[in-house]
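Please keep the structure in view while reading.

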Amino acid sequence: MSSAATLIDVPLGGPTLPQERRLVTAIPGPRSQELLDRKAAAVAAGVGHTAPVHAVAAGGGVVVDADGNSLIDLGSGIAVTTIGNAHPKVVAAVQEQVAQFTHTCFMIAPYDSYVSVAEALNRITPGDHAKKSALFNSGAEAVENAVKIARKHTGKPAVVAFDHGYHGRTNLTMALTAKSMPYKHGFGPFASEVYRAPLSYPFRDGLSGPEAAEKAISVIDKQVGADNLAAVVIEPIQGEGGFIVPADGFLPAIVEWCRANEVVFIADEIQTGFARTGEMFASEVFGIVPDLITTAKGIAGGLPLAAVTGRAEIMDAAHAGGLGGTYGGNPIACAAALAAIDVFENDGMVKRAREIGAILQGRLGALQAADPRVGDVRGHGAMVAAEFVDPATGEPDAGLTAAVAKASIAQGVIVLTCGTYGNVIRFLPPLSIGDDLLHEGLDVVAAALAAA
Ligand code: PLZ
């Protein structure tokens, strides 16, 4: 059986990996191809992959494959390894915890790290009101629980999500997610009492924030009614939907309407959270204070952990025993989260996200100025995207987008696409990437665009 043990010279991951783009075979090389063949035979066809590689180590700004190729990482495993893959503080915390105990189930025998993560989240999330937290395993599970809590608190059934929104792949979160293919197609019926409102999408709707909010609130009022509505769930900057940054004033108007109507405002910060946007949370970019906030991804440096944090009186609405799960707040994931949060707070991550953002905006802005196929460049901090269009019509160009992403990966740069129309390339580099490597990655993407 092929395994890591049979590989030659597998390097140790983390920041000591050589920070370089290095192609020693075509992508995929023979060892990667061998894994992909085994994957095709053993793993359900529904589970896809973006980069055709057999990853063996990662750190800083690179992912190394089994053939010895070193790829520049501009995706962070979908915004997860924000502090850098195999960050030494996370590795040490995990190693210490895994030798101590691996699991007791927090609902059976509680432990310190879960409580410490809750305390940290209560402290660092937006707003200085009294807060409480509960921990889960995945982003989707956090969103599900935020909805449960909001329903229990308000005694109302309905939930509103937005056009282009993404909230997960479980039954309720599929219902909340906008895009059918690939997330929902054929997987229904979906959870009931989920309604959809129009988003602010400045590049495509031409509306000001207050105008877009008025339109959304009118739909919510007329088609749902505040008396039936438990919660509004929204990503402050949409992730999978296309890195859509709402126009100024949109989010504050929605928050204000929720407050006036006893509707819980849930910010899904699973992709935007933890320094990614150049603030600790994207809500701060827009000056809003959510009632509840869902987090995951960057929270624990790559270990599976998620949370719901929010107003203590709302969080406490669920009866004792009403929230939980076997693994939620697993001690190893919590140890990793405490290490990661330490890095976010004390190792300049917010500042680094802004520096990376300036490079991304500068480089992509220059591409846009020179190439009319780049219709829009948008984002905050180290969460920036380019939307590709047909210059003649402004219509989304998914074909061009896929070609640029594919060519970039073949040249050793991992980039991710997104968007309802599949015409957005998003940049989510680890904050541990060096400027030179980031520039080199962007050079490769620019060359791929020029050649496409
Ligand atoms: N909410 C805002 O971005 C996960 C999805 C990848 P889980 N986004 C990556 C894929 O294709 O499955 C996400 C998100 C927002 C919720 C989720 C769901 O988080 O940890 O994937 O369940």
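On the side of domain 1 that touches domain 2, two or more residues each come from α2 (76-79), α13 (349-370), β11 (374-380), β12 (383-388) and β15 (424-427). The element that gives the most to this side is β11, with 5 residues. Sorted by class, this side of domain 1 holds 22 nonpolar, 12 polar and 6 charged residues.

Salt bridges also occur between domain 1 and domain 2, and their count is 3. Elsewhere in the list of charged pairs, the side chains of Arg204 and Glu387 form a salt bridge, with an N to O distance of 2.7 Å.

## Layout of the domains and buried area

The model is predicted. Its protein chain is divided into domain 1, made of residues 4-86 + 349-451, and domain 2, made of residues 89-346. To the contact, domain 1 contributes 40 residues and domain 2 contributes 33 residues. The centres of the two domains, taken over C-alpha atoms, are 26 Å apart.

How much area do domain 1 and domain 2 bury between them? The value is about 2900 Å², and 61% of it is on carbon and sulfur atoms. Within domain 1, the residues that lose the most area to domain 2 are Ile83, His380 and Met383, which together account for 24% of what that side buries.

## Surroundings of the ligand

Around the ligand there are 15 residues, of which Gly139, Ala140, Arg169, Asp268 and Gln271 come nearest. Gly139 has a polar backbone atom 2.8 Å from an oxygen atom of the ligand. For Arg169, an N or O atom in the side chain is 2.7 Å from a ligand oxygen atom. The side chain of Glu240 has an N or O atom 3.3 Å from a nitrogen atom of the ligand.

Which form does the peptide bond from Ile27 to Pro28 take, cis or trans? This bond is cis, with omega near 0°, and Pro28 lies in the segment before α1 (30-42). The peptide bond from Gly188 to Pro189 is also cis, with omega near 5°. Pro189 is found in the loop between α6 (171-176) and β6 (194-197).

Ala275 is not a glycine, yet its phi is positive, at about 75°. This residue belongs to the loop between β8 (264-268) and α10 (282-285).

Notes:
Residues are numbered from 1 along each chain as its sequence is written. This is a predicted model: local features need pLDDT of at least 70, side-chain atom pairs count only at pLDDT 80 or more; totals for chains, interfaces and linings use all residues. Side-chain values use heavy atoms; hydrogens and water are left out. Domain bounds come from an automatic or database domain assignment. Contact means heavy atoms within 4.5 Å. Buried area is the accessible area (1.4 Å probe) that two parts lose on being put together, summed over both. A salt bridge is a side-chain nitrogen of Lys or Arg within 4 Å of a carboxyl oxygen of Asp or Glu. Helices (H or I, at least four residues) and strands (E, at least two) are DSSP runs, numbered from the N terminus. Ala, Val, Leu, Ile, Met, Phe, Trp, Tyr, Cys and Pro count as nonpolar, Asp, Glu, Lys and Arg as charged, and the others, Gly among them, as polar. A residue is near a molecule or strand if one of its heavy atoms lies within 4 Å of it. A polar contact is a pair of N or O atoms within 3.5 Å; within protein, one must be able to donate a hydrogen and the other to accept it, and residues adjacent in sequence count only if both atoms are side-chain atoms.
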